[in-house]
Amino acid sequence: MDFLTDEKLVIVGAAGMIGSNMAQTAMMMRLTPNICLYDPYAPALEGVAEELYHCAFEGVNLTYTSDIKEALTGAKYIVSSGGAARKAGMTREDLLKGNAQIAEQFGKDVRAYCPDVKHIVVIFNPADITGLITLIYSGLKPSQVTTLAALDSTRLQHELVKYFKIPALEVVNCRTYGGHGEQMAVFASTTTVNGKPLTELIGTDALPANEWEDLKVRVIQGGKKIIDLRGRSSFQSPSYLSIEMIAAAMGGKPFRWPAGCYVNNGKFDHIMMAMETTISKDGVKYHEVAGTPAEQKELEESYKHLCTLRDEVISMGVLPPIDQWHSINPNID
């Protein structure tokens with residue numbers, strides 16, 4: 001049986017729709033034969049495991065447990081959706097307090113039970129903040145923790161595909177950066193449509209400026225639309241993309257989209273945010289984001305919004321002041 005690795009992958013929050021889909025996707029993609037499902041809600045967790053056993057995936061040693069120590073011991077890769085889900089009428093930011101506390105405990109559990117973990121992907125909202133909290137309390141290096149941010153870029157691609165009525169292969173390098181929330185920065189300057197720069201189409205008959213602004217709103221509200229249509233938050237798309245991220249960290253195919261990572265470069269400091277990234281066995285590395293002056297301004301506004309959320313978490317007492325982060329995690333500048 002060909003697997004990417006034989007090392008232990010743990011799916012946290014596996015009883016939920018995102019977690020159970022992540023587990024199935026990881027097995028379908030043949031990432032590792034060694035997969036452990038964790039969730040504190042034992043009956044639903046057992047139900048997920050039973051269904052996955054019934055799939056009869058060849059060569060996979062699937063285990064499950066509601067004991068976090070058992071789950072994390074020996075883990076080399078973790079994907080966590082282990083927070084509260086977003087419901088109708090809620091923003092990602094509405095989940096801040098409860099999920100921040102969950103992220104704090106998760107980080108501490110990682111430090112206690114699997115300090116040798118190689119990579120963690122955090123996807124529970126607001127992911128930029130929960131990922132930052134996880135990083136600080138886990139004691140890991142910034143290169144070892146990423147957050148899901150790709151959904152906004154894939155939603156941008158999809159909106160352009162619908163607008164221009166062309167195949168997705170013809171809409172290339174769609175990018176959003178900054179926060180995964182209402183204040184994301186939607187870039188046009190990176191994208192080409194049928195080989196033409198998107199910026200050359202905006203403001204023409206092909207894509208009038210007002211239509212572009214409306215399209216950007218649809219991208220930003222993409223998650224809300226799923227909730228309105230299905231009565232629950234997205235689960236198939238975040239599941240797939242997060243498993244693509246952990247696969248890249250295992251040495252698989254390069255991840256195609258931006259990812260959230262820790263940034264501290266003099267312009268954006270002490271924050272987790274979506275950047276242009278490379279994820280590999282060596283971890284995540286980010287690259288400077290270049291855009292038009294208007295796009296750079298949007299990115300700066302997104303960063304300020306993330307700083308506001310971070311500072312709220314500090315005021316709650318979930319995180320200490322920034323100048324104390326290094327004492328908790330020596331890998332943090």
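Biologist: Which span should α11 have, and what does the model give?
Modeller: This is a predicted model. Helix α11 covers residues 293-316, which is 24 residues. At 1.5 Å a residue it should span 34 Å, and its end C-alpha atoms are 35 Å apart, so the two agree.

Biologist: Which residues of α11 are buried?
Modeller: Among them are Glu295, Leu299, Tyr303, Leu306, Arg310 and Val313.

Biologist: What do those pack against?
Modeller: The buried residues of α11 pack against helices α4, α5 and α12. They also pack against strands β8, β9 and β13.

Biologist: And what comes just after α11?
Modeller: Gly317, with a positive phi of about 90°.

Biologist: Switching to α1. How many of its residues are buried?
Modeller: Nine of 12, so to speak mostly covered. The buried ones include Ile18, Met22, Ala26 and Met27.

Biologist: What covers them?
Modeller: The cover includes strands β1, β2, β3 and β4, plus helices α2 and α10.

Biologist: Now the largest nonpolar core. How many residues?
Modeller: It has 71 residues. Those with the most contacts inside it are Leu9, Ile11, Leu37, Leu160, Trp212 and Met273. Helix α10 gives the largest share, seven residues.

Biologist: What is Trp212 in contact with, leaving aside neighbours within four places in sequence?
Modeller: Its contacts include Leu156, Leu160, Val186, Phe187 and Ile202.

Biologist: Which residues are in the other core?
Modeller: That core lies apart from the largest one and has 36 residues, among them Ala71, Val110, Val318 and Trp325.

Key
Residues numbered from 1 in each chain as written. Predicted model: local features only at pLDDT ≥ 70, side-chain atom pairs only at ≥ 80, totals over all residues. Heavy atoms only, no water. Helix = DSSP H or I, 4+ residues; strand = E, 2+ residues; numbered from the N terminus. Expected span 1.5 Å × (residues − 1). Buried < 20%, exposed > 50% of the residue type's maximum accessible area, 1.4 Å probe, protein only. Contact = heavy atoms within 4.5 Å. Core = buried A, V, L, I, M, F, W, Y, C linked by side-chain atoms within 4.5 Å.
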